[in-house]
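Visitor: Let us read a few features together. Please start with a helix pair.

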Amino acid sequence: MKLSKILTLLAMAFFSENQAQNYLKYNVGNAHSHNDYMQEVPFWQAYYAGFGSIEADVFPVKGKLWVAHTEKELSAGRTLENLYLDPISKQIKLNKGNVYPDLKKKLQLLIDVKQDYKTALSTLVTTLKKYPEITGNPGVRIVITGERPQPDDFKNYPDYLSFDGDPDKSYTDEQLKRVGMFSANLPELVKWNGKGIPRDEETDKIRKMVEKSHAREKPIRFYGAPDFPNAWVNLMDIGVDYINTDHIPDLKKFMNNIPRNFYKNTKEYSTYTPTYASDGTAKKVKNVILLIPDGTSLPQYYAAFTANKGKLNVFNMKATGLSNTNSYNAYVTDSAPGSTAFATGEKTKNTFVGVDHMGKALAQIPDIIAEKGLVSGLISTGDVTDATPADFYAHSDNRNSSETILKDFAASKTKILIGGPTSGLSQKNLQNFKQAKIDVYQDLESVRTINNRTLVIDPLASQRITNGRGNWLSEAFDFTLNHLKDNNKGFFMMVEASQTDGGGHSNNLEQLVTELLDFDHVVGKAMKFADENKETLVIVVGDHETGGLTLLDGSLKEGWVFGHFSTNDHTSIPSSVFAYGPNSKEFTGFFENTEIFKKILAAYGIR
């Protein structure tokens, strides 16, 4: 291979990797408030958002610089001094010499001269004599754009003034020292409207202009650029330094959330290869494994799939469907009615656990199948009284009544309950469990054999994967499966990944993806058991979607993903359903979440 081709490939590989890291280099310091004076509160809104650059258009009028977009909008009360210079001066004095309280933060004031630059700059220099705290401040840069002198004349102005450069112009070394940044008109360069990605040749044009500016050690911005998230993402991909916006709150939130919206996986794993020998066959099953990744639907799965470089056990399931998650009294459900639908086949009210909308106790899968000699086990990476596990053993009209909920475990037919700590483990409940001959353990490692009904409350269960939970979920699954599978009549197991939901609530993509990848290991284990056993149905379904996640960018090759959350709560987006093993085809199409219960009982042959 020729050296030039090798170098090209290396450069492409470097850019691909650098692209993934580009997002993490951006913050509100890269935000530019375009036509800032048109905001409801000029200067202050962008300043308190922490923007690194603020723009003001000026006209020389009566020995002052008036701020406006056009001459028709000129007003004596809106001058560069009272809108920008006075506030900047005030903040420098307030922060003891720094424009921002954070010593590392700097501010660029971009002054766009709309006419007669000689008069405007003369007026500006005269005016700035009153503000030595600004002109002598290393944290403030004043850049002149719009009508401005030719490069040869830069030297005729004070050193505290920089000038906006043209990327296509040539500058001597001395002239380049006076260039504060480069600006270019994006619509003149490309026809891209901000939707999708630019065409390859357009990306190349933008990138070359960026690289040319960076080779001169200057930042660059593009005016006239589209102003919404997808456009911002693409401009950051290419390395544009300042992102123009007229929507200060939106860009502020977007920039500040980048660290939480970006994730690059460092622990790639190989997925289980299914045999599909019994998948889709129409026959009665002995065992059902219901796997519930709380708060997930297709965007969450695809984020995890991307992070694991295009591999996910759950995506190896051929039978897929959608579950409608609405509760009895709300378009947007919470987990309590969400899993009550799975456990009982009934829609109920938000916050209701294992009861109908009138508060009447409902029969749940573990109790129903116990009459046929089957046994059940429930596992959660959350509180053992959280809504999802509680829906399978308790009856309450308030999901937060932990003590009352845990008390119901004594009367349930569920044999094994494993999860995290709860405030419901009172002395009274411990006494009830003792009378009911329920063995209670404080961690999973303490359990050697299971002779009686068993409750395991393990502090490790509630830890995040990133905080040291390790393989706890897989080990809890193996432990429970090894016991339940010895029952000749069959079993039911429910496994909840609770903290995928937490990642959605906190808008933390790393938490969401790492928890879902950990859960996916259990999916692989369940599929493997189904292949070996041939009488086991595996179902994967979230009780609802959390966070309103959208995926803005990612790399299947590099294993990184960049997302955006629209809310910190649940949404009504239907949950993705996946099934593997006998009767898996029954889980295709769109159906109510209550159908999960009915299809499970039908698979057992129970009417």
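Guide: H18 and H20 are roughly parallel to each other (angles under 35 degrees count as such). This is a predicted model; local features need pLDDT of at least 70, side-chain atom pairs count only at pLDDT 80 or more, and totals for chains, interfaces and linings use all residues. Residues are numbered from 1 along each chain as its sequence is written, and side-chain values use heavy atoms, with hydrogens and water left out.

Visitor: At what angle do H18 and H20 pack, and how far apart are their axes?

Guide: Axes are lines fitted to C-alpha atoms, for helices over the stretch in contact, and angles run from 0 to 180 degrees between N-to-C directions. Here H18 (residues 472-484) and H20 (residues 509-533) pack at about 25°, with axes 9 Å apart. Contact means heavy atoms within 4.5 Å. H18 brings Leu 473, Ser 474, Phe 477, Asp 478 and Leu 481; residues of H20 in the contact include Phe 519, His 521 and Phe 529.

Visitor: Is Asp 57 buried or exposed?

Guide: Buried means under 20% relative accessible area, exposed over 50%, partly exposed in between (1.4 Å probe, protein chains only). Asp 57 has 1% relative accessibility, so Asp 57 counts as buried. Asp 57 is in strand E2 (residues 53-61). Among the residues it touches, leaving out those up to four places away in sequence, are Tyr 37, Trp 66 and Lys 114.

Visitor: Where is Lys 62 found?

Guide: Lys 62 sits in the loop between E2 and strand E3 (64-67). Its phi is near 55°, a positive value in a residue other than glycine. At 77% relative accessibility, Lys 62 counts as exposed.

Conventions:
Helix = DSSP H or I, 4+ residues; strand = E, 2+ residues; numbered from the N terminus. Parallel < 35°, antiparallel > 145°, perpendicular 65-115°, else oblique.
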